[in-house]
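Please walk through this model with me, one chain at a time. Keep the sequence and the 3D view open together.

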Amino acid sequence: MKYTLLGKVIKQSGLLLVAGSMLLGVTTLQAEIKPAVVYDTAGKFDKSFNEAVFRNGVLKFKADTGIRVTEIEPTNSTQREQSLKKLAKRGHGPIVAVGFSMASAIESAAKAYPDTHFTIIDMVVGLPNVQSVVFKEHEGSFLVGVLAAMKSETGVVGFVGGMDIPLIRRFACGYEQGAKYQNNNIEILQNMTGSTGAAWNNPTKGGELTRSQIEAGADVVYAAAGGTGIGVYQAAADLGKYAIGVDSNQNYMQPGTMLTSMVKRVGDASYNSWQAGLDGNWKAGFQALGLAEGGVDWALDEHNRELVTAAMEARVNDVKAKIIAGDITVHDYMSDNTCAAPQGINFSN
Amino acid sequence: MNRDTRINWINRLILPVLNVLTAFAATAIIFVIIGVDPIEAAEILLYGAFGYQEGLGYTLYYATNFIFTGLAVAVAFNAGLFNIGGEGQAYIGGLGTALIIFAIDPNTSAWIFIPASILGGLLFGALWALVPAYLQAYRGSHIVITTIMFNFLASSLMVYMLVNVLREPGNMSPESQLFPQNSWFPFIHDLSTNFGFVMEESPLNVSLFVALFFAVIVWILIWHTRLGYSLRATGLNSEAAIYAGIKPKRIILITMCISGALAGLVGINELVGYQHRIIMDFHFGYGFGGIAVALMGRNHPIGIIIAALLFGVLYQGGAELAFELSNISRDIVVVMQGLIILFCGALQYMYKPWVINALAPIQKES
Amino acid sequence: MNKPQYAIELVDINKRFGAVYANNKVCLNVEEGTIHGIIGENGAGKSTLMSILYGFYQADSGLIKVFGNSLQFKDSHEAISSGIGMVHQHFMLVDNFTVLENVILGTEGGALLHEGLREARKELTRLGQEYGLKVDLDATIESLSVGSQQRVEILKALYKGAKILIFDEPTGVLTPQEAQDLFRIFSALKNEGVTIILITHKLHEIIHITDNVSVMRAGKMVAQKVTSKTDREDLAELMVGRKVLLQVDKEDKDKGEVLLKVNKLSVLDENNIFRLKDVSFEVHAGEVVGIAGVSGNGQSALLKVLSGISNITQGSVEILGQKMDSKNPIFPDKLRELGLSHVPEDRLRMGLISEFSASENSIIGYHNDKQINGRFIMNNAKVRNECAKLMEGFDVRPADPDLKSSNFSGGNQQKLILAREFNRNPKILLIGQPTRGVDIGAIEFIHKRIIEMRNSGKAVLLVSVELDEIMSISDRIIVLCDGHISGRVDAKSADERTLGLMMANAYDTTNNLESN
């Protein structure tokens, strides 16, 4: 069979790699990592989760180290596994897989390539060469819940979730606990956008749900719904109420009505995975990143500075310190699939 | 060769080839604009699709899906029906396959599982096509509209089934638990190992042979059976069919059931052959791709197999392209597919007058 | 004596399609201010010649002179501007436009319509008076009779300045009375100096109306004659190239039992309009009953109901002793099994599937016949063999069972259908328009075969718009008008005038001529 130009390049670069590592030894491992990321089928420009990995992970890593991260956007479920395996075969690593839907693909690829390092975000895969990074979204949500309860004048706050899955209920549950912690009489309205992947990208419905919550009295609405959040923030701004962003710092999206954002540092998590690969200290296993680890946080910047009073800021930081110190334990919905908060939850789909 | 034969060959072979080449030329122009060397891109695409066993495996794996949906569209088309519902029928067919597999005792032998899962796909795909067919035959609702609507219904139904019924407890993804191992279709690389050849792993499984088998069945059905005769007569001239005593309503029902059943087999390849569980959106794009495949394949099984292979190449080679070249995103691959559909479907007769003038001119002198 | 002024001179026109000469060194001289007939069998090249004259086709070689000027038309606009107009067999009119709007279509002149309309109205009124073409300019086309629609086409051509009018089979869609009206218009046009070219295959029209006649055969102009110096037999022989029997020989025959009995049959169409109303008649073994009428007066509905294609609304039909009514339909396949064959009126829309090969078409309606095909699988080889036999028996040319049906000429397509339907030894034969678009040689053959079927004891129901055909083949004639029977005549005592009046429902029905 005729070998193509490309085939030759691949072969030669592979040989070079092997030769290089033999010559230079362990100390110069730095030059050799070939980091990669496989996005979810939503694509890397989803204005949310995948994009956070791109902007705060891929671009930052390139800027800091000069190493290009190979990016793959699968178009169908077959390609998830195909991409992971192909990256592994070409000697890439660490390979970051974004999102819980990659779990079964990671499982099969990690078994096929036991020497390759895989990192999966938002899901746990228990294999010796897989690093599972999950976030304590309930802790971050607790903080913004406290803030929402302080800002609310009506005593009613809202929550709009994306797809109705345990992960999003974890957000909701943390938020509820935080609001109740601040004000035991507060009422929390909750809605999920849908039960499929489409729920992550339905701003119209997000806007509708927000309007109905505001009509029911809510004056702060927290969105944990990916692209659907855009509609939530818009509706809140239109009606002169407050909204809370999620995943990235989204305060800039509606300056003046974005109370804060619950930042989930997925970009940092992927960055760290590659950096660890570079430093030679990448470890498999399970990481749960909470407030203490800086995996989640609340965002305060010039866009919401005027909305957050000094008293509010002090209070939230105080609660944050207590959680880090272990004085407050936030219940994790996913630990037992129930929310400890006593009040009934109104999940209208 | 007389002129009619030449024109036949022009229609069947030369035009499709020219159309595909035009689409590639247009793609090349786009590549140049975005700064990709089209020759290099073509090498990567072809190498990715054929150059090594795994790539070839993926190509044939995707082609298998397109054979099923292409045959589905072609059967309906020969009866003058435009089945746009391949997407939904494939999805629901997969549900049927999964339900039957879960209903059978996991320790049952593969020799029961294999026909049963195929039957499940055929049956559910057929049922999903039967309702639009009934509405067309007896209520006059246009089949194009109803089959499109049934795609949406299928999608919603499957969301419900996957989220509320089939989802494995504790799994956040809407997907079922794994099928029992006995029900899995053997991978080609496993089979070849049994025969002493070591092959690279790929999702390619025996569903390819199922697809080829059904291609032969469709060929016999359409051109060598009484039913096929009635079906073609209805498609070409329904008044003549009625005159002949053929009942078009019955033909609509039967044809659409056959069409839906064929589309319903996508799940065999995707689920039983590879994923080994039912997942969300496994069918995505194959139903619509099947329309293009049938158009390009001139609604003939041999043409469909070739066109399905081309689409397999585009899927696999395109993924490879996006993989290798950082400035080619997955959307460029969709653009390529779009161009192929544009030139082979919408503009399929663009070159006809010129080609006929050149190769089969009306003779001035005898 | 002065050399006559020619409106049109065609010299050595050649036109080939593939290996076939459609026109082979055709010459034609048409004197100005005369009515000139062109006759010839289907495929003789008449239409090609006129298309060349009208600019649709370009001749491969040859000379066209219009009023003495040598011209070469690249398209029909150039032909129109040199004074040629054409009235097609199928009218080129927009149904829901008014007459006025149709006439100015393509020559609206200016962006604002009303100005052009005003001038057009003036001009058309003038033309209408001058040539006796009376049409309501504000009526929509769909509200007009076929004859009036044809007048609109003539007006259209005159409005565009035509001095030479070509008519392509103009009487095919008209009643005899409407045809008479048309011929009166011809005379008026001729008196005003308009030259008329009449393409037809009806010999009596040529004899009746034309001054000169040209005969074409197989792409060649075989004769040009002064009409008064020739006759029908002479012209027919020139057309076909041999002696033609215009009258079908048929001996008297005693009728047998009643095989088909229609009893107070009424049929509503999908728009709830009665297509047939209270129709009753019988057809006996060994007779041909002809159904005459202007097309669209219930003949099609009658054939469809009798062949089981559409449903009976009221009344009943007895076919070979089996009763069929609104509650008990019998489907076409069952009727065939009983022994009813049907040659449909429209062979391209119903009788054949033009994309099918001849052999596939040779089993339409009989594909379930156990003697040909198995339970599921078709025996394609056997079908092909049987088809070859049929083609031989009915002289279908070319005798190639694999040839696509659309590649056969109209006459050969029709012979294939007749072969299929006659060959099953049916007891009842429904035959619609057996010779429509079929050339004279084939007509003779087809008529003979129909008579043979009658003589062998079949009950034949013949529907035709050709009065000649009805009168020469039938034993009895039934005239349909507007869905009911407007006359019954014994064929021997029938004449064209009486039938024409019956077709227009203007005949005093108390005065029926049917002898039995």
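In chain C, strand S1 (residues 6–17) and strand S4 (residues 61–66) run antiparallel and are joined by five bridges. Strands here are DSSP runs of E with at least two residues, helices are runs of H or I with at least four, and both are numbered from the N terminus. Two strands pair if DSSP finds at least two bridges between them. Look for C:Asn14, which stands opposite C:Ser61 in S4(C). S4(C) is also joined to strand S5 (residues 69–71) of chain C, antiparallel, by three bridges. There, C:Val66 stands opposite C:Asn69. S4(C) and S5(C) form a hairpin with two residues between them. In its turn, C:Phe67 has a positive phi of about 50°.

A word on the source: this is a predicted model, in which local features need pLDDT of at least 70, side-chain atom pairs count only at pLDDT 80 or more, and totals for chains, interfaces and linings use all residues. Residues are numbered from 1 along each chain as its sequence is written, while chains are lettered from A and ligands numbered from 1 in the order in which they are written.

Now move to chain A. It has eleven helices and twelve strands. Of its 349 residues, 57% count as buried. Buried means that 20 or more other C-beta atoms lie within 10 Å of the residue's own; exposed means 12 or fewer, partly exposed lies in between, and C-beta atoms are placed from the backbone. Of the contacts in chain A with a separation of 6 or more, 68% are between residues 24 or more positions apart. A contact needs two C-beta atoms, placed from the backbone, within 7 Å.

Find strand S3 (residues 95–98) of chain A. Which of its faces are covered? Both are: A:Ile95 and A:Ala97 are buried on one side, A:Val96 and A:Val98 on the other. S3(A) pairs with strand S1 (residues 36–38) of chain A in the parallel sense, over three bridges. A:Ala97 is the bridge partner of A:Val38. S3(A) also pairs with strand S4 (residues 118–121) of chain A, again parallel, over four bridges. Here A:Ile95 has A:Phe118 as its bridge partner.

Chain B has 16 helices and zero strands. Its C-alpha trace spans about 75 × 60 × 40 Å along its principal axes. With 366 residues, a compact globule would have a radius of gyration near 21 Å, and the 22 Å of chain B agrees. That radius is taken over C-alpha atoms, and the globule rule is 2.2 Å times the number of residues to the power 0.38. Buried residues make up 53% of chain B. Among its contacts between residues at least 6 apart in sequence, 76% join residues at least 24 apart.

The largest nonpolar core has 359 residues. Such a core is a set of buried Ala, Val, Leu, Ile, Met, Phe, Trp, Tyr and Cys residues joined through C-beta atoms within 7 Å. Those with the most contacts inside it are A:Ile106, A:Ala223, B:Leu71 and C:Leu165. Helix H3 (residues 53–78) of chain B gives the most to this core, with 15 residues. Not counting residues up to four places away in sequence, A:Ala223 touches, among others, A:Val160, A:Tyr233 and A:Ile244.

How do the chains meet? Chains A and C do not touch; their nearest C-alpha atoms are 40 Å apart. Of the two pairs of chains that touch, B and C have the most contacts. That contact takes 20 residues from chain B and 26 residues from chain C. H9(B) gives the most to the chain B side, with six residues.

Ten of the ten residues of H12(B) are buried, so it is largely enclosed by the rest of the structure. Just after H12(B), B:His276 takes a positive phi of about 65°.
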